[in-house]
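Please read them beside the sequence and the model.

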Amino acid sequence: MAPSQAKYAPTLETFLKSLKGQPLEASIESLVFLLKRRQIKGAEQCATATARVLLQVVAKSRWTDVDQLLANVQKHGATLTQAAPRELVISNIVRRVLGLIRDEANEDRNAAGDEYGVDSVSDMGALPTPPEQPAPTSRPTPQPAGRPGPNPIKPGLGTHQSFISKSMFNLLSVVDPSDSTGTGSPVTGASTPVFQATSSATALRSEVIDGIEEIMDELSQADDQIAGFAEVQIHPGDYILAYQPSATVEKFLVRAASKRHFTVMIASGPQQRGVPEATYASLKKKLNAAGVKTIHIMTGSFSAYMPRVSKVVMGASAVLANGAIVTDGGSAVVARAAHEFSKPVIVLSGVYKLCPENSSEVEDPVELGDSSSYVSFADGPLVDGVEVENVVSELVPPELIDMYITNLGPHTRDHLDDILADHYKLEDIDLPLQ
Amino acid sequence: MATEAEGAPLPADETSSRATSSTVPAPAETAAAPAPANPPKLSNAELKAKQKAEKAARRAQAKEAKASATPAPTAAAPQQDGSKGGKQPSKGGKHESSTQEQQSAAQRPGQPPRRPSMGGKRPSLVAGGEQDPRAAIPECFSHIPMAKRIPTSQANKDVHPAVLALGQQMATFSVRDSIARLKYMLLAFRKVIESYETPKGNSLSRHFVPHVLNPQIEYLTECRPMSFSMGNAIRLVKAKVNKFDIDTPEDEAKEAMLEMIDNFINERITLAELVIARNAADMIADGDVILTYRHHRLVERALRLARREGKHFEVHVVDDPFDQTGLQLAKVLRSEGVRVYYSPHLGGTHQVGVRRASKVIVGGEAIFANGSLYGAAGTCDLCIAAADAGTPVVALCETINFDRDRVSTDSLTYNEIDPERGSGEAFRLMFDTTREKYLTVVVTEYESETGNSPAQSILAILRKQEDQV
């Protein structure tokens with residue numbers, strides 16, 4: 001279970017810290033609880049947590065070949081996805097990791113194919129199976145890894161050079177018994193062949209881990225990279241309306257402020273009972289220090305301000321394939337008002353938030369949240385009979401959005417498909433259905 | 001200009017007799033007033049210009065007064081802080097009692113300014129202290145007026161006590177929507193008329209408006225920008241006074257004016273509300289889901305009326321999180337047995353609200369000459385969402401709220417800044433303008449053969465009607 005910190009509610013940080021000392025299952029379980037309790041929430045946090053846990057899955061779970069690894073990642077990924085179905089980024093990260101594994105495996109196979117042709121003809125003469133089909137051979141034997149089994153072929157291979165055994169690994173890994181890196185226990189007699197096979201798994205493992213670390217780097221740098229496009233989009237004298245500015249939007253504005261003089265209208269979201277009103281004090285301070293004026297607009301409606309606004313900037317918790325975004329409740333009204341007055345709506349989102357789903361596939365266009373933040377629970381007649389619907393996140397239809405800025409640059413709606421194709425493998429797109 | 005200057009001696013004398021250093025602003029006040037030969041026929045624009053000039057003068061005066069009498073306001077401040085959030089005394093009966101002291105305060109100009117005993121002081125105004133609260137308004141919105149509490153001691157001494165009290169109530173928003181303000185203004189004017197005595201050598205028809213009525217209007221405008229209905233009513237009252245023959249006996253004229261005001265309240269306010277509620281309730285059918293925005297008294301009446309008639313429908317109230325007036329409506333409807341959905345903010349309106357609803361019914365503060373609706377901020381967003389979803393929008397508005405002269409296509413032309421949130425640190429506009437294309441039908445008390453007409457045709461009829469009066 002989660003590391004019970006007696007006084008503090010667990011957060012992403014405590015969770016990440018806890019990862020090291022915990023077995024994998026415990027980590028996953030604790031993340032599931034954290035997600036369900038919304039103690040880890042928001043696209044950024046969920047993405048980071050997912051990436052870190054998948055890294056653990058790759059590093060610690062028992063697997064001996066690519067397919068087992070894929071299955072492991074899919075299984076655990078599905079668990080996380082179900083824990084927070086509204087956080088679409090979770091399955092995005094899972095897809096990214098799956099794609100990464102497939103890529104690495106393919107590279108290995110390809111490399112193996114080359115080697116096969118060049119070096120090992122004589123040695124391999126006895127092995128008829130072409131290396132392109134490792135998957136079918138591996139399927140029928142879902143042998144529990146880690147059990148040392150008699151292996152008729154391995155001993156023979158053991159004498160080969162290591163790079164050949166690498167290629168062989170792909171053919172025969174089915175029966176590879178050792179998966180010791182994660183568990184750390186020398187299960188077998190540690191014979192040479194086993195060791196060599198392991199070393200190849202280790203290679204894949206470390207490559208995948210490197211890949212996941214790259215994804216995590218991408219997550220942490222996305223905001224900065226997005227901010228890099230700020231000065232192009234924001235012009236001197238602009239009035240920028242930022243609805244509930246997220247960290248991404250804040251960075252974007254602050255970066256623009258270093259180059260341009262404009263005015264930011266910060267629209268705080270609906271005020272909530274008991275929750276200290278979001279003041280955006282640090283954002284205001286930074287902007288003001290750079291000579292950018294701020295106007296904090298406290299309202300739930302935006303048509304009135306739109307004639308003055310020149311651009312609307314908003315963050316998203318997910319961007320869907322058709323260009324719709326999932327974002328904070330109230331954003332649809334902002335975007336619609338901007339559209340009414342023909343003001344561009346710019347959505348800032350890391351590529352990792354781009355989902356292959358379409359808006360029709362999203363179960364519910366709105367997410368209802370805690371109603372007690374607006375209606376006192378002591379108010380009998382209200383509690384009794386009125387259905388309070390506090391929408392905390394909603395879908396903004398694609399036609400209201402003019403531009404998407406990701407860490408790769410500014411895009412139009414039509415370009416989203418290409419980015420999707422670059423980042424996800426076709427076979428992983430249906431992931432949440434599994 | 002000439003008549004105003006000639007008529008000026010009286011007010012000028014009065015201002016100079018005021019204790020605090022008013023010698024500087026007083027001439028400015030009279031000189032800046034661009035009054036035409038016939039003051040009662042001031043056009044809106046001119047009136048505004050005049051008020052503006054006087055406001056500027058008064059502000060300067062207030063500053064000086066404060067500089068000279070700092071101890072008094074600071075002493076009063078903590079008391080007001082403590083009373084923050086306190087309830088206003090209820091209107092009506094309280095008028096007289098609280099105005100007694102104000103009158104005495106106003107008539108003893110040498111004394112330090114006495115604050116009215118009413119609570120409900122807006123915190124930001126107190127915090128504003130010596131500064132002009134308008135100074136904090138972001139420049140791009142600086143053209144928009146804002147309600148302002150002025151100490152009764154700084155009001156023009158010609159302001160009638162009843163009006164003084166009403167002004168405070170308007171500035172603190174305890175008398176709030178356009179019709180309530182109109183009604184109480186007319187009631188206060190009744191008192192002004194009742195206590196009016198034509199000075200010797202003057203005629204009521206020449207004296208009453210410029211020297212008695214106008215100061216009241218100026219004061220009220222200063223407390224809170226006039227609603228369009230108030231402007232309309234004032235125009236009608238002035239037209240009435242103008243029609244009196246110069247020799248009309250005072251009693252007769254006063255009687256006629258009082259009668260006119262009573263009729264006005266009966267016809268244009270009380271009856272109008274009834275008829276509109278009736279018409280709107282007729283539009284509600286069994287099984288409807290009615291979407292409405294915040295609390296509007298016409299909408300509430302219509303919904304309750306429909307319910308009393310045994311209609312079965314559901315209501316979805318969308319509220320403004322910064323001004324939750326819709327909660328009360330939700331509660332009232334619930335207690336009448338209506339199934340109520342309540343959204344604390346506009347989130348989800350596009351995806352759920354307007355799609356579930358079969359009709360949107362909103363109330364308006366005013367309707368402009370181009371047919372666009374001036375309503376509580378957020379009305380526009382809701383109506384646009386409804387139009388997108390193909391849900392019909394019904395707007396309810398009394399004809400007295402129709403403005404025949406002003407045209408507004410966006411919400412920054414005519415609006416008001418929330419005095420509680422009137423700075424860059426916290427800013428909020430109170431109204432917005434919904435373009436006519438998003439309103440399916442406007443329900444007024446005006447009965448036409450087809451039932452309900454678009455706003456444009458009603459305006460045309462109103463123009464004719466009022467020109468005949």
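**Notes on the predicted model**

1. A:E213 is partly exposed, because its relative accessible area is 36%; buried means under 20%, exposed over 50%, and partly exposed in between, with a 1.4 Å probe and protein chains only. A:E213 lies in helix α11 (residues 192-227) of chain A. Helices (H or I, at least four residues) and strands (E, at least two) are DSSP runs, numbered from the N terminus.

2. This is a predicted model, in which local features need pLDDT of at least 70, side-chain atom pairs count only at pLDDT 80 or more, and totals for chains, interfaces and linings use all residues. Residues are numbered from 1 along each chain as its sequence is written, chains are lettered from A and ligands numbered from 1 in the order in which they are written, and side-chain values use heavy atoms, with hydrogens and water left out.

3. A:E213 belongs to a negative surface patch, together with A:D210, A:E214 and A:D217. Patch residues have over 30% relative accessible area and no salt bridge, with like charges joined within 9 Å and nonpolar side chains (Val, Leu, Ile, Met, Phe, Trp, Tyr) within 5 Å. A salt bridge is a side-chain nitrogen of Lys or Arg within 4 Å of a carboxyl oxygen of Asp or Glu.

4. Which strands pair with β3 (residues 339-343) of chain B? Strand β2 (residues 314-318) of chain B runs parallel to β3(B) over five bridges, and B:V315 stands opposite B:V340. From chain A, strand β9 (residues 386-388) is joined to β3(B) by three bridges, also parallel; here A:V388 has B:Y342 as its bridge partner. Two strands pair if DSSP finds at least two bridges between them. Four of the five residues of β3(B) are buried.

5. Chain A also holds an open, antiparallel sheet of four strands in the order β5-β6-β10-β8. Its edge strands, β5 (318-319) and β8 (366-368), each pair on one side only. Three antiparallel bridges link β8(A) to strand β10 (residues 391-396) of chain A, and A:V366 has A:E394 as its bridge partner in β10(A).

6. Most residues other than glycine have a negative phi. A:S342 has a positive phi of about 55°, and sits in the loop between α15 (331-340) and β7 (345-348) of chain A. A:S342 is exposed, at 64% relative accessible area.

7. B:R294 is likewise not a glycine and has a positive phi, near 50°. B:R294 is placed in the loop between β1 (289-293) and α13 (297-308) of chain B. Is B:R294 buried or exposed? B:R294 counts as buried, because its relative accessibility is 6%.

Key: Accessible areas come from the Shrake-Rupley method with a 1.4 Å probe; for residues, only the protein chains shown count as cover. Lys and Arg count as positive and Asp and Glu as negative; His and the chain ends are not counted. The place of a charge is taken as NZ of Lys, CZ of Arg, CG of Asp or CD of Glu.
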